[in-house]
Amino acid sequence: MNEELLKILESLKGYDEVAVGKLKIRRLLIKFVNSEVVEVQRLINENIGIIVRKGNKYLATEASGDIDVERVKNLFNVVAESSIVPYLSDNDREYKRVVESPLKDVIEKGEIESVLKEIYGSEYPASGIINVVETTQSLVTSKGFNGYFLNYYADGYVRAFNGEYSGQWAFYSNDLSPLKEAVKQANILASIDGKVKVDDGKYDVVLSPLVVGNLMSDFSYFASAFNVFTASSFLYNVKPGDKIASEKLTISDAPKKLRTRDFDDEATFTYDKNIIENGVFKTLLYNNELAMMMNAKTTGNAGIIYPISFGIEVKSGDVSVESLLSGNVIFVNNNWYTRYQNYLEGAFSTVCRDAVIVYKDGKPIGNAGRIRISDYLPRLLKNVEELSKESYAVRWWDAPLPTIAPYILVKGVNITRA
Amino acid sequence: MELEDVVKRFSEYKYIEARRHKISLTNLYIINGSPAGVEDSSYSGYSVRAFKDSAMYFTSSTRLEDLTPLSLTLKEWEKGYSADQRSSGSYTVEEKAKASLEEKQKLLIDISKNLLQLKINSKIPSLNIIYSESIEEKEIVFEDGTKVYGRVPRIHISVSVTMKSDKASATFYEEFGGSGGFELVKTWDLEKTLEEKIKSVDEVLNKGKSVTPGKKDVVLSNMLSGIMVHESVGHPFEADRVLGRESAQAGLSYLVGRNFGERIGSNAVTVVDDPTLPNSSGFYLIDDEGIKARAKYLIKEGVINELLQDRFSAYKFGLNSNGSARASRFDREPLVRMSNTFFMPGNYTFDELVEGVKDGIYMKSYMEWNIDDLRIGQRYVGLEAYEIKNGEIGDPLLFPVIEGTTFDFLSSIDAVDNTLKFYYGTCGKGDPDQGIPVWMGGPNMRIRNVSVKVRGSE
């Protein structure tokens with residue numbers, strides 16, 4: 001298994017640690033606009049990455065196609081000692097998992113009739129992307145690890161247009177079955193018409209799973225130990241056990257549940273873990289080197305030097321979506337262009353889009369348009385009032401991290417408009 | 001196997017472009033004055049984009065052998081492509097100066113250490129530098145035998161700083177970028193520029209006072225006019241966006257339903273996108289569809305003049321392409337992209353802009369910005385910002401917010417000064433996402449009657 005990588009590993013002697021990894025991705029992508037196909041893309045990519053470390057010197061290299069091992073050796077000779085260096089896990093296991101999936105035929109044979117049927121069948125003109133992906137992750141290390149994980153997933157998003165109104169939905173799944181529901185949801189949301197003006201002020205807001213997905217992609221950035229180490233996170237100075245969120249809120253890094261990764265870039269087996277549990281901070285996301293520097297243990301989230309999340313789950317609640325919408329709230333279907341003024345404080349704004357519906361006494365009275373949530377992420381986490389029992393696995397262009405998310409009611413959210 | 005052989009393999013298609021595309025990249029990381037590693041990458045591979053009837057197909061791989069046609073019968077959105085004349089040729093950017101890895105590391109470490117030792121009132125918990133140098137090479141062969149070759153080396157430096165006083169904190173990025181060799185770094189005067197910025201942010205954090213909200217006149221710096229021209233004019237003037245091709249991603253454009261010749265701004269507003277600027281981040285001379293690059297006047301004296309077009313969007317408008325198609329990597333399709341976009345300077349001096357303001361704000365740099373997906377409602381949060389009283393720049397202000405619409409802003413620009421500065425940006429578009437290097441810039445500009453808000457209690 002992984003003979004090509006073992007051969008490269010064999011050629012890199014004289015270092016304290018060496019890791020050779022390969023990520024092969026085969027993808028079929030369908031881009032559609034107004035329920036017509038713009039383009040079909042078939043993308044094949046193969047990246048080989050090498051990490052070599054000796055003492056306090058290291059070099060990380062990556063190449064698509066062939067990798068130049070001699071260049072690695074020569075470049076390593078001129079790099080300076082580093083204040084932070086990667087450490088591989090003491091893992092000498094051989095690990096292999098091959099997922100079988102009908103998505104293989106979609107990629108290889110272009111069997112997309114079922115996808116086209118849903119797109120063509122949208123009541124309102126629909127635009128979006130459907131991705132069908134095969135990933136093969138391989139890793140061998142000088143500590144004896146030899147891992148292989150072949151996986152399939154599908155994701156996509158649908159934005160339906162009803163004149164100047166629109167609705168959007170997304171999915172992330174092991175198969176294409178959620179596409180039908182995504183088309184349906186996008187159409188239902190696009191059908192809510194009428195306009196209502198919302199002035200600057202504080203409102204109770206119901207965030208849809210897409211908005212939660214967008215904000216959780218950012219939350220994973222703040223939870224990376226690297227960004228805390230470099231004072232670029234509102235979790236700077238937060239300690240395990242600190243209460244930092246509503247007790248109804250539990251956020252996990254969930255590579256196993258989402259089936260995204262089995263082992264990380266330092267050969268640590270991944271596992272699901274709570275970052276926030278019932279409002280209490282539990283852990284950052286660590287690799288070996290940041291864990292050593294910050295007196296913690298790796299959480300299996302390497303990223304060389306930079307720990308990353310492999311997918312987030314926000315634990316669902318026990319009330320229905322309808323009950324969240326039963327009072328005076330603004331429902332936000334979707335958002336984009338989230339930007340931070342201050343990473344240390346988590347101060348940000350994001351622009352709402354698609355169905356931004358004002359509910360009065362539980363009844364929709366119109367679309368508020370492209371208002372802005374201008375607030376602090378830590379404040380939002382604290383002001384979570386309720387979460388729905390329904391949850392969805394989503395991923396889309398502006399929520400790139402696979403996320404399982406419910407609808408969330410947040411009290412007193414600061415809203416502005418241009 | 002060569003690119004020409006792949007073109008033959010797709011001969012059933014009417015339009016074919018086969019591309020070899022390589023980006024070699026070296027990144028150096030410096031954290032708080034210490035080296036934090038070197039990353040050496042190479043993204044190299046091939047792609048084919050082919051079109052027949054109304055079917056568009058794009059395929060890419062690290063191996064030419066993998067590129068094969070795919071036959072599908074689809075209800076297609078693309079209808080055709082403009083009948084433009086392609087240009088064979090090549091363009092390259094020279095690296096006039098080179099430096100060893102050790103020299104670069106030493107320079108960046110010295111700068112970091114000097115900045116961390118500045119005598120200021122705020123603390124600097126973190127100062128990180130990413131130095132990135134790349135060489136992008138493209139070779140494109142088309143079905144009619146046209147060949148294009150491009151080689152563009154680039155340098156990009158990104159500095160992120162966290163500062164904290166007893167009163168407030170700030171995190172900000174400063175970026176430098178262009179095409180060429182190490183000679184660029186010498187022109188940027190990194191240490192002086194960063195020292196000045198850190199000192200003025202220190203002043204804001206310690207002495208900045210709250211802004212009084214309301215309608216005010218605002219003088220926007222070259223940096224602010226750069227981000228505004230990119231977000232409020234450049235993106236909505238991408239013809240594919242107007243047509244709806246990006247409607248599920250970055251959205252549509254306020255230009256849907258508007259016409260060329262329609263007034264959208266004051267007479268002081270002229271906007272240009274020009275890929276031919278020497279040493280720019282967005283430099284190229286022939287686009288990825290083989291069309292010769294040229295400057296495009298998007299807005300002329302306040303009037304809608306021209307969109308950014310590729311051959312497929314131009315066909316739908318009944319126009320010619322103006323050479324705006326670019327792909328960021330081998331595994332990305334060419335899209336309509338900005339290159340170097342800027343407001344044209346005018347005749348005023350900066351002092352004259354300020355002299356004309358009785359009670360207003362000078363916004364020199366920003367932290368947060370965003371805009372809605374029609375490119376209408378936008379917001380900028382000031383970092384280095386100062387009050388203007390009776391024609392003079394006064395005390396620093398603590399993070400004023402301006403929020404308004406593109407139409408409000410463009411029609412209220414009453415004067416622009418005679419300077420023109422460019423700033424590096426990584427422009428995002430498409431799915432799969434394509435981050436692409438651009439410049440954005442402009443003169444200092446005065447905008448009348450802008451809605452100014454207080455951060456956190458808008």
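**Ground rules**

I number residues from 1 along each chain as its sequence is written, and I letter chains from A and number ligands from 1 in the order in which they are written. Since this model is predicted, local features need pLDDT of at least 70 and side-chain atom pairs count only at pLDDT 80 or more, while totals for chains, interfaces and linings use all residues.

**Entry 1: chain B as a whole**

I started with chain B. I found nine helices and 24 strands there. Helices (H or I, at least four residues) and strands (E, at least two) are DSSP runs, numbered from the N terminus. The C-alpha trace spans about 70 × 55 × 35 Å along its principal axes. Next I looked up the radius of gyration, which is taken over C-alpha atoms; the globule rule is 2.2 Å times the number of residues to the power 0.38. For 458 residues, a compact globule would come out near 23 Å, and chain B has 23 Å, so the two agree.

I then checked burial. A residue is buried if 20 or more other C-beta atoms lie within 10 Å of its own, exposed if 12 or fewer, and partly exposed in between, with C-beta atoms placed from the backbone. In chain B, 55% of the 458 residues are buried. Contacts came next: two residues are in contact if their C-beta atoms, placed from the backbone, lie within 7 Å. Of the chain B contacts with a separation of 6 or more, 74% are between residues 24 or more positions apart.

**Entry 2: domains of chain B**

**Entry 3: domains of chain A**

I repeated the search in chain A. Domain 1 is 3-186 and domain 2 is 194-418. Their C-alpha centres lie 24 Å apart. I see 31 residues of domain 1 in contact with 26 residues of domain 2. Which strand gives the largest share of the domain 1 side? It is β7(A), with eight residues. The domain 1 side has 16 nonpolar, eleven polar and four charged residues.

**Entry 4: one buried tyrosine**

I picked A:Tyr157, in strand β6 of chain A. A:Tyr157 counts as buried because 29 other C-beta atoms lie within 10 Å. A:Ser127 is 30 residues away from A:Tyr157 in sequence, yet the C-alpha to C-alpha distance is 8.2 Å. Beyond four places in sequence, A:Tyr157 touches residues including A:Trp169, A:Trp396, A:Trp397 and B:Ala248.

**Entry 5: the core**

The largest one has 257 residues. Among those with the most contacts inside it are A:Ala186 and A:Val332. Strand β18 (residues 399-416) of chain A gives the largest share of this core, ten residues. I followed A:Val332 further.

**Entry 6: a hairpin in chain A**

Two strands pair if DSSP finds at least two bridges between them. Strands β9 (residues 251-253) and β10 (residues 273-277) of chain A run antiparallel, joined by three bridges. A:Ser252 has A:Asn274 in β10(A) as its bridge partner. β10(A) also pairs with β11 (residues 280-281) of chain A, antiparallel, over two bridges. Here A:Glu277 stands opposite A:Val280. β10(A) and β11(A) form a hairpin with two residues between them, and A:Asn278 in the turn has a positive phi of about 50°.

**Entry 7: where the chains meet**

How many residues of chain A are in contact with chain B? I noted 63 of chain A against 64 of chain B. Strand β2 (residues 36-54) of chain A gives the largest share of the chain A side, eleven residues. That side divides into 30 nonpolar, 19 polar and 14 charged residues. β2(A) runs parallel to β3(B), and four bridges join them. A:Gln41 stands opposite B:Phe58.

Conventions: Domains from an automatic or database assignment. Nonpolar A, V, L, I, M, F, W, Y, C, P; charged D, E, K, R; others polar. Core = buried A, V, L, I, M, F, W, Y, C linked by C-beta atoms within 7 Å.
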